[in-house]
Amino acid sequence: QVQLVESGGGLVQAGGSLRLSCAASGSVFSINSMGWYRQPPGKQRELVAAITEGGIKKYADSVKGRFTISRDNAKNTVYLQMNSLKPEDTAVYYCAAGRSWLLGVVDYWGQGTQITVSS
């Protein structure tokens, strides 16, 4: 089993920045990819960004050029730097991890952290 603990959510004004962190513990040797999903109010959960152990990245079109995902394999931690935030980025953000490439299948979820972007 793998446990994921997130930190860094909160309230920010449009145009501002936030950084999310997610630390994995437990059977981390089984993880290939880590990343972030989000679920806006009344909508389905969607992939925001994912990164493999080797550093290959994937982003949702809506965040390209504004969000940056990174990973510290020594610390089993993934980060999401979010710049130029927009009100439509408001959502619960979930850390995710899995054995498959770029989170094709998610095996583990974090508890979620709320991000609210005010206009």
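Predicted model: local features only at pLDDT ≥ 70, side-chain atom pairs only at ≥ 80, totals over all residues.
Residues are numbered from 1 along each chain as its sequence is written, and side-chain values use heavy atoms, with hydrogens and water left out. Local features require pLDDT of at least 70 and side-chain atom pairs pLDDT 80 or more, while totals for chains, interfaces and linings use all residues.

The largest nonpolar core has 28 residues. A nonpolar core is a set of buried Ala, Val, Leu, Ile, Met, Phe, Trp, Tyr and Cys residues joined through side-chain atoms within 4.5 Å; buried means under 20% relative accessible area, exposed over 50%, and partly exposed in between (1.4 Å probe, protein chains only). Leu4, Met34, Trp36, Leu80, Met82 and Tyr93 touch the most other members. At least two residues of this core come from each of several strands, among them S1 (2-7), S3 (18-26) and S11. Strands are DSSP runs (E, at least two residues), numbered from the N terminus. A second, separate core of seven residues includes Tyr37, Ala50, Leu102 and Leu103.

Val117 belongs to strand S11 (residues 113-118) and is buried, its relative accessible area being 5%. Beyond its neighbours within four places in sequence, Val117 has contacts (heavy atoms within 4.5 Å) with residues including Val12, Ala14, Leu85 and Thr90.

Gly54 is located in the loop between S5 and strand S6 (57-59). Gly54 counts as exposed because its relative accessibility is 71%.

Methods: Helix = DSSP H or I, 4+ residues; strand = E, 2+ residues; numbered from the N terminus.
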